Amino acid sequence: MLKNFSPESLGINGRQSELIELALTYGFVSMDVDMYEIMRRSRRTTTEDATKFLRAALGEGMGRMEQIGGFLVEIDLDADDEAFTSQVGALHPLADLAADFNATRAYIKLPATTDRLPYHEFFEIQRDRLNQVGETLASKGIRLGVSFDGTTDLPDAKQFEFIRNVEGLIAIVKAVGSDNVGYVIDTFDWALGQGGMDQLAEIPGDAIVAVRLGSIAEDADPASATRLDCVLPTKEGGLEHVAIVKHLIAAGYEGPIAPSASSTRYKGQTRENTVKDSQEAIDAICSEAGIEVRPLPMDVIEDIPIEPTPMV
């Protein structure tokens, strides 16, 4: 498995060079990237300039990342047909760029609600749309991981509920029926969405595209938990993260595994401290599960280019 740094899953923002430095400093061997931002930067300057930090960080040897963990696909699955078609069209050059970095995973989240159609009719539309996105990425050797939102604080709740639990996630991924479309297992949403170890045990390791580990805060009620109630994963507790990682090992899963938490739970501490805490959390879980944890680099890699701070 790849210890993966996912800035979005930790609510962390920053310049590309800063995020890469954090990943390298705390021993993450892969990292989720904003491929759309890289594309926008390459259009403003050049592809070489827009990707120099990432290219410098990837490679063989101590203090390098092994690969890109994955990237979010900015496609609204609830958009009207014209907007969706346009977004899929824009995915082609993005997939070309991702393939240049040997990226093999992309992520997308299912709509939780919709105004378009009732569940069963909308289900068919979503199956077809996931197939289209998956086929576009498959042409470049990129798999699509599908996730859902199990929280109760939906900012744009609509007339009809759609995928709100693990049962629905499993149903739609199976309905797509493509080896290129699989699961993003987010333990926070998994727990909120009435998921158990028995359901996870039925999913083959090669059907899982990415894993995120996050716990439900002790002061939160799982029945009404929001995204703000996601805290860094722990070894003990109701989610049994050590048992989950042991199952993933037994199932042959070899993809990225990233810590996840709401940044609001760590107000007052620096971004670096949050990443350090997340690294310690996932290392402790993986070590307890029997995975050898690499020692951290002693120093930040000096030959990664430094992005200058803009003049105000």
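Helices H5 and H6 run roughly parallel to each other, therefore, by the angle between them (roughly parallel is under 35 degrees, roughly antiparallel over 145, roughly perpendicular 65 to 115, and the rest oblique). H5 covers residues 81–100 and H6 residues 119–138, and they pack at an angle of about 20 degrees with their axes 9 Å apart. Axes here are lines fitted to C-alpha atoms, for helices over the stretch in contact, and angles run from 0 to 180 degrees between N-to-C directions. Helices (H or I, at least four residues) and strands (E, at least two) are DSSP runs, numbered from the N terminus. On the H5 side, the contact (heavy atoms within 4.5 Å) is made by Asp81, Phe84, Val88, Leu91, His92 and Ala95, and H6 brings Arg129, Gln132, Val133, Thr136 and Leu137. By class, that gives six nonpolar, three polar and two charged residues (Ala, Val, Leu, Ile, Met, Phe, Trp, Tyr, Cys and Pro count as nonpolar, Asp, Glu, Lys and Arg as charged, and the others, Gly among them, as polar).

All this comes from a predicted model, where local features need pLDDT of at least 70, side-chain atom pairs count only at pLDDT 80 or more, and totals for chains, interfaces and linings use all residues. Residues are numbered from 1 along each chain as its sequence is written, and side-chain values use heavy atoms, with hydrogens and water left out.

H6 also meets helix H7 (residues 166–176): their axes come within 9 Å and cross at roughly 55 degrees. That angle makes H6 oblique to H7. Tyr119, Phe123, Gln126, Arg127, Leu130 and Asn131 of H6 touch Gly168, Ala171, Ile172, Ala175 and Val176 of H7. Sorted by class, this contact has seven nonpolar residues, three polar and one charged.

Setting aside neighbours within four places in sequence, Val73 is in contact with Tyr36, Leu91, Ala106, Tyr107, Ile108, Val133, Leu137 and Leu144.

Further along, helix H10 (residues 241–251) has His241, Val242, Ile244, Val245, His247 and Leu248 buried (under 20% relative accessible area, with exposed over 50% and partly exposed in between, using a 1.4 Å probe and protein chains only). Their cover includes helix H8 (187–192), strand E9 (208–213) and helix H11 (271–288). Just after H10, Gly252 takes a positive phi of about 85 degrees.
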